[in-house]
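Colleague: I would like to learn how to read the features of a structure such as this one, going from single residues to strands and helices. Could we take them one at a time, with the general idea ahead of the case?

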Amino acid sequence: MKNQGFVVFLTIIVTLLCIYYLSFTFVSNSVQKKAVAYAIDANGNVNFSKKQSFLDSAWNEPVYNLLGIEYTYKQIKETELGLGLDLQGGMHVTLEVSPVDIIKGLSGNNDDKDFLAALSKAAELQRNSQADFVDLFQQAFDEISPDGRLAPIFANAANRDKDISFQSSDDEIIKLIKEEVKQAIDRSFNILRTRVDRFGTSQPNIQQLPGTGRIQIELPGVENRERVRKLLQGVAKLEFWQVVNLYDQELAGPLSAVNRKLVEEDQLKATQLTDGSTDAGENTRATQSDDLSSLLDSGDSTASVADGTNIDSSGAALDSLANTQVSEFFTMIRYPQGLVNLKDTTKINRILKRMESGDLKGLIPPTIKFLWDVHAVTQDDGEEVLPLYAIRTGRGGKALLTGEVVTDARQSYDERTSPAVSMSMNSAGARSWKRITGENIGKRIAIALDDYVQSAPTVNSEIPGGQSIITGSFTLEEAQDLANVLKAGALPARTRIVEEAVIGPTLGKEAQSQGVISIVAGLLVVVIFMVFYYSKGGMVANVALLFNIFFILGILAQLNAALTLPGIAGIVLTIGMSIDANVLIFERIREELRSGSSLLNAISTGYSKAYSSIIDANVTTFITGVILFMLGQGPVKGFATTLMIGIACSFFSAVFITRVIMTWITKKGEKSNVSFVTPFSRNLLSDLNIDFLSKRRFAYIGSLSFITFGMVLLFIEGGLNLGVDFTGGRSYVVAFNNPVVASKLKVALTDDFDNSGTEVKTYGSNNVVKVTTSYLVNDESTEADETVEKALIDGIASETGLSYIEDDTKVDDQHFTISGSSKVGATIADDIKTASLESIFFALIAIFLYILIRFKKWQFSLGAILALFHDVLFVISAFAIVRLFGKTLEVDQVFIAAILTVIGYSINDTVVVFDRIRENLAIRPHEKVIDTFNLSLNTTMNRTLITSLTTLIVVAILLVFGGEVLRGFSFALFIGIIVGTYSSIFIATPTVIDLGRSKYAPKGDS
């Protein structure tokens, strides 16, 4: 084998990298177990708050030492292979920034009736359109007011600096609106990113969805859903505060009192220790030699904070604290700058919370509170620190000024051409700002957004007129970000939840169990079958399969991806499909051995002849994965990621790793004891001579009959059972302790849901139901969510006599719970439908072009595409027909993933047959073409049936053990694999003959 050394080297490198990245997952699991052990009570229940407190305390602490390099728990979580919400429970939210608020704000809340009508019409149009909202607004305005202009509406004092006047064209106005909407989305993203960090959940995820104006957030383990909804949808709070230097005399007395209290606690804890240890818990760094004056003397007399402001610390403040013991709290705060090492922020927060509302509250003046900077600062030695500010509040805790007075802010340059920020205020704000700046010359003003300091510049002089320039050591990007933050006051942008999914911890644990069973059972069946059919060759394939799964998990960890239930389905599917390459190789080797080749020649020829088919089969399946990834969302994207990684890993392991192993075990040459047959498989399907093509008309009639029957049923039944992904609405998974009758619940809930469309069906076991309703489908507000949920709870309680309990681990004979829920707004449902249709369309086009390029005949491309259309319609018909047997399967995003997987699998099968046809046409140029096609079908039948059987068994396991979430997905795959195998033989290949009858079929052929 050529390049054997490189393959071995690459395998070792990838293996080591996978071990390295997966090690973080094992360490993370170990810390999680310790947290659970710490939080479990005498009754065996886990206190979530106590568990989270343990994890928070470890967040910035070293928990893993690898070859002398220490990693904090935060770094571990950032690198581990995380679990998706469907496997651990939590909340998934998609928010949409309201462009209506931005446009109204830019217009100065203009009340022009045509303008307001255009906004309303644009909002209506957006529900069934993929177009940009601003474009829809322009279209609506042109229709409502054909002779109207936008300039009079938007030409106001606030927009004068944006080059907008009464002479501005509509295109200039629209360009401005689009820029402001984009900035609002970016601003909302940054605001939400800061808020997400407050939820106390490990490994939250937030990302912008490109081109949509939407922001997707995942919060593992959240318990208070209402708090999440309200915090995420609240308007940003921009405030201006006076900064009090930590070393000012004003704070000396209060901080001295806090220090004495903490030191007394340390000393009390120390005296309670009986082993002589000086470890006194949280505040244990107090020593006789440490004092606050030494802390002040340990640094330079001048230090720089995050935004470049210089502070002089040469004064003699805090003299009253000299020569006293210092608690750990004060050793962690670096005077005079107020910088705190990131790993100490959790401990600092505990003390600050006690100052705010605990036993230390009375020691700090009520007019003083503490705020963190939003940005960490990296010191010259690489240490990350976070500035802590003491700020003075006004009467009732009010700020000096709020963001409503800011009319505009933009990035500019100071007199030294360094990046700066220009800020404008309205007349009322300008008067207050003049007074505030006049009273605080030489002092600092903190600009805070949602209680996080964005900047704290020093006031150089009184500022009249409301026009300010904020300077500092800004980079261009930092200046742009600060300007965008200041606009939170000028152009507040509401966010609304357009999609939401909640998975309870019980549902997540159940999904984990189902996923593990599916993987282990699927792997076990394939391993046993390969040894049973291919003997030692099967053992080699199994080694490659284990490498494949290991590589998939390792690469997912490297990509910081989360493993979801559809992702597990992708792994299970990869287990079945990864065997295909080895089956192709081994069948070629067996053919060569039967024709009299020596063992070494048979192995070499088998690999070389199978290579082309393997490439084609993997590329076509990979194409579907790429399209799924590009157009899919949420679970579909997770499935696509796993599928693509699985295809790449299976190709490498099945082709190259097995080749290296084969080379090693055959180093004795022909004396090597290597076999690719067992007594069972020696002559199985080896001498087939079936005239498949003569049966093609029966196949055409049978397929057409089945599909027609299914389509008629769909028409009679009103179409497929579409999930909320495609229809919009809300769905709830409701769990009881005892079996319930779904039909009775449906009747009871119909009145509560105001006779809106409602479906109730058993979800897995007979004590769990899934309720789906279109009640208030067009109202995406939090109030509507609460109304629908209350109607559901009241309706079930009235029908069953049970009470609702939020904790899904405490369901008993008197209580029921909502263990999971999902909401999809009408607009996003329309987007999902469109993306799903586009994904299928583009997959078929891409495959058509690839087959055309590879086989250079349009008959092969069209034959393959017609077979794929046949497979898709067959699966859809099966979903309709299965209703006759009392089983209704939901069609959602994951179903589309299944359809595209069927397309990929079917084309995989078809390409293998086409590849053999192409090879045989070159070898037998003078033979009857129809005979060559039949020969190709017969010689590939062994591979076709074995691959289909192994994959079918794996999918059957997924269908049985994968749970209700994957039931429709698994059923679609199960039918798809059967019909895909059938269509490659009886649809795709015969179609090529019929499409090219004049070219392929000599006179007299039928």
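Modeller: Let us begin with Val-258, which, leaving aside its neighbours within four places in sequence, is in contact with Phe-330, Met-355, Leu-360, Leu-363 and Ile-364, where contact means heavy atoms within 4.5 Å. This is a predicted model, in which local features need pLDDT of at least 70 and side-chain atom pairs count only at pLDDT 80 or more, while totals for chains, interfaces and linings use all residues. Residues are numbered from 1 along each chain as its sequence is written, and side-chain values use heavy atoms, with hydrogens and water left out.

Colleague: In which helix is the place of Val-258, and does Val-258 count as buried or exposed?

Modeller: Val-258 lies in helix α11, residues 249-272; helices (H or I, at least four residues) and strands (E, at least two) are DSSP runs, numbered from the N terminus. Val-258 counts as buried because its relative accessibility is 0%, given that buried means under 20% relative accessible area, exposed over 50%, and partly exposed in between (1.4 Å probe, protein chains only). The C-alpha atoms of Val-258 and Lys-361 are separated by 9.5 Å, although these residues are 103 residues apart along the chain.

Colleague: How many of the residues of strand β4 are buried, and with which strands does β4 pair?

Modeller: In a regular strand the side chains alternate between the two faces of the sheet. In β4 (residues 90-97), eight of the eight residues are buried, so the strand is largely enclosed by the rest of the structure. Gly-90, His-92, Thr-94 and Glu-96 are buried on one side, and Met-91, Val-93, Leu-95 and Val-97 are buried on the other, so that both faces are covered. Strands of a sheet pair through backbone hydrogen bonds, either parallel or antiparallel. Here β4 pairs in the antiparallel sense with β6 (residues 214-220) over seven bridges and with β21 (residues 495-503), again antiparallel, over eight bridges; two strands pair if DSSP finds at least two bridges between them. His-92 has Glu-218 as its bridge partner in β6, whereas Gly-90 has Ile-503 in β21.

Colleague: What is the order of the strands in the open sheet of three, and which helix packs on that sheet?

Modeller: The order is β16-β17-β20, with antiparallel pairing. The edge strands, each pairing on one side only, are β16 (406-413) and β20 (467-470). Neighbouring strands of this sheet are turned by 20° against each other on average, direction ignored. Helix α15 (residues 427-439) packs on the sheet and touches β17 and β20, its direction making about 115° with that of β17. Axes are lines fitted to C-alpha atoms, for helices over the stretch in contact, and angles run from 0 to 180 degrees between N-to-C directions. Between β17 (residues 419-425) and β20 there are four bridges, and Ser-424 has Gln-467 as its bridge partner in β20.

Colleague: Which residues of helix α23 are buried, and why are they on the same side?

Modeller: An α-helix has 3.6 residues a turn, so residues three or four places apart point the same way. In α23 (residues 742-752) the buried residues are Ala-742, Leu-745, Ala-748 and Leu-749. They are on the same side of α23 because they cover an arc of only 125° around the axis, the arc being that of the directions from the helix axis to the C-beta atoms. Lys-744, Val-747 and Asp-751 are exposed on the other side, while the buried residues pack against β24 (758-763), β25 (765-773) and α24 (782-800).

Colleague: At what angle do helices α26 and α30 cross, and what is the handedness of that crossing?

Modeller: Two packed helices are described by the angle between their axes and the distance between the axes. The axes of α26 (residues 858-881) and α30 (residues 967-995) cross at roughly 145° and come within 7 Å. This crossing of α26 and α30 is right-handed; a crossing is left-handed if the near helix is turned anticlockwise from the far one by less than a right angle, and right-handed if clockwise.

Colleague: Where is Asn-109 placed, and what phi does Asn-109 have?

Modeller: Most residues other than glycine have a negative phi, and most peptide bonds are trans. Asn-109, in the loop between α5 (99-106) and α6 (113-126), has a positive phi of about 55° although it is not a glycine.
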